[in-house]
Number of protein chains: 2
Amino acid sequence: MNYLKPTTKNELNRVQTALKKELASEKIIQDIYEYIFNTEGKKTRALLSLLSSKSSKIKPSERIDLASIIELLHTATLVHDDVVDGSEVRRGSKSVNQVWTNSYSVLIGDFIYSKAFILMVKLGIPSILDELAKATNDIARGEIIQLELSEKKESIKLNELLKVSYLKTGRLFEASAKTGAMLAEKSSEEVKSFGLLGRSLGTAFQIQDDILDYAALKFDTGKPAFKDFKEGKITFPLYFAIQNANSKERKFLLGKLGAKKITNKDQNKIYQLIHNDGTQKEINALLEKYSKETLKHLNKLKHHACYNEMLNLITFSKVRKK
Amino acid sequence: MNYLKPTTKNELNRVQTALKKELASEKIIQDIYEYIFNTEGKKTRALLSLLSSKSSKIKPSERIDLASIIELLHTATLVHDDVVDGSEVRRGSKSVNQVWTNSYSVLIGDFIYSKAFILMVKLGIPSILDELAKATNDIARGEIIQLELSEKKESIKLNELLKVSYLKTGRLFEASAKTGAMLAEKSSEEVKSFGLLGRSLGTAFQIQDDILDYAALKFDTGKPAFKDFKEGKITFPLYFAIQNANSKERKFLLGKLGAKKITNKDQNKIYQLIHNDGTQKEINALLEKYSKETLKHLNKLKHHACYNEMLNLITFSKVRKK
């Protein structure tokens, strides 16, 4: 986060402090809640919100509130996703479903979702409430579609993958940037540009996430390697690898997809199939396409106070290793 | 529902029609959504909302919208509860987690929650949004507390059970009545009375639900018998039975609590321990207490258009067998 101004870093810290504040009187809720928010995530969505809402017109506390709300929504989806995916690790620590149970995860996720809505109502801006309620609905939609797609395997199409990555990731990036701009009372034209910027940045972010899932075999990304693959998910890199594979290789990839345990030898073979020239060229081209699109939308916001930091965020997102 | 006026019955039908309308373009979402809303529930919360919002000042369509929102929220909690409890049956049909999987249930629950919030934002009344967001949060809180309580077994106290039944059931009854009255632009004094009426009605409703779980051994309640008991839940009747049991009987009850399979002989023995005179006297006194309290609050609303039907609802709730 060295590309951020000290004021922005300070705002992100205030978001982290706001997130930790849960006053439910029950110890069990406090315990799970603290456990979740003591491990810090990247808070990319909160940052996007903070950058988009920069304005001298707006009280800083309201910007922190909105960024916190967005981070709460995101965290609720992560807690539920870990149940859906049966994940054991989240942000380098055991997932809630591992420390407690799936049941606790379902309920604490609902608790965090509704807490976010309580704070949204308190913020009191109908257009922001509308956008965030719709984004939350779209995320669930995206996750359901992904769940069904994972049964389709090799017949998945690129536009289906793009739709899922928009709904499950791009949509909240879009809403983060849009609602930030709404809070800062930007013109409807600017709100639109911020939304489009967030949307393409979110897709680029998801593509990089998918790339890192395989890269984690060779360096520390903070996440276990081949997590997507072991969950049976066809992501962008695997999609291209399947397209480029010969029939024997394709059979191998699809045969191993979704296996809980994969030998080192097989992992290396999968890694090679993902990292062959053709596949790498295609996945990098796709990432580049969405990065360029993000920059195109940023270009319309040159006069905005966030310009330099937003440019850094976009550049960093593409090369990040975590 | 024979105690309702034809206009109210008609309104409940309109709620059912509204609930079924889901325009997500994806077939998988339509399928699960239809499956959930094709099996009709009692819609007690929607009815409570419709009765509380009766007013010539308000467009009927807004009253239907609010009642539908409340029923959506309730349904989302049921879908998630079935995951938490590992339930196989809901409203006489296989639960969503049985027909699909827990993962689909978690996500379609989130989808329905956020849909309810989208509709709430559209309704556009901040005080209603605030109340329903807080109620949703309290329901999750109540479910988490219940989950933790179920590990405490015989050391559970009556006030803990009352707190859980308020949060998981009474709270949404309270919000249904309160927001109905808010929509109908009642005075703050009346809104308060409606809220208190809903709160005590909800607790009475939960007590009757707990009673029916054991009664289901002897007659058709539409639900499997001993569901709570097999899930390891200490509910009101079991609480009193444990208090009244001798040490051998107590050991028997606690030993069987949470068992997936219970022999007919043991089921009969449990039934007898629940239905002994002392336990029945105490559980009926508790039910009577909350019914009376509900009537006390209704007495302040005698001039209200809903009075007679509300009186019928309260009376019916206490004697209902389903």
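User: What rotation and what shift along its axis superpose chain B on chain A?
Analyst: Two copies of a chain are related by a rotation about an axis and a shift along it. In this predicted model, chain B is brought onto chain A by a rotation of 180° with 0.0 Å of shift along its axis, at an RMSD of 0.0 Å. That is the relation of a two-fold axis. In chain B, the C-alpha of B:V106 is the one nearest the axis, 3.5 Å from it.

User: Why do the copies meet through the same surface?
Analyst: Compare the two lists of interface residues: 100% of those of chain B are also interface residues in chain A, so the copies meet through the same surface.

User: How many residues does the contact take from each chain, and which helix of chain B gives the most?
Analyst: The contact takes 35 residues from chain B and 35 residues from chain A. On the chain B side, helix 2 (27–38), helix 4 (60–85), helix 6 (102–123) and helix 7 (126–149) each supply at least two residues. Helix 7 of chain B gives the most, with 14 residues. By class, the side of chain B that touches chain A has 21 nonpolar, six polar and eight charged residues.

User: At what angle do the axes of helix 8 and helix 9 of chain B cross?
Analyst: The axes of helix 8 (residues 158–183) and helix 9 (residues 188–215) of chain B cross at roughly 150° and come within 7 Å. Their crossing is right-handed. The residues of this helix 8 and helix 9 contact in chain B comprise 11 nonpolar, 10 polar and four charged.

Methods: Residues are numbered from 1 along each chain as its sequence is written. Chains are lettered from A and ligands numbered from 1 in the order in which they are written. This is a predicted model: local features need pLDDT of at least 70, side-chain atom pairs count only at pLDDT 80 or more; totals for chains, interfaces and linings use all residues. Copies are superposed by least squares on the C-alpha atoms of residues with pLDDT of at least 70 in both. Two residues are in contact if their C-beta atoms, placed from the backbone, lie within 7 Å. Axes are lines fitted to C-alpha atoms, for helices over the stretch in contact, and angles run from 0 to 180 degrees between N-to-C directions. Helices (H or I, at least four residues) and strands (E, at least two) are DSSP runs, numbered from the N terminus. A crossing is left-handed if the near helix is turned anticlockwise from the far one by less than a right angle, and right-handed if clockwise. Ala, Val, Leu, Ile, Met, Phe, Trp, Tyr, Cys and Pro count as nonpolar, Asp, Glu, Lys and Arg as charged, and the others, Gly among them, as polar.
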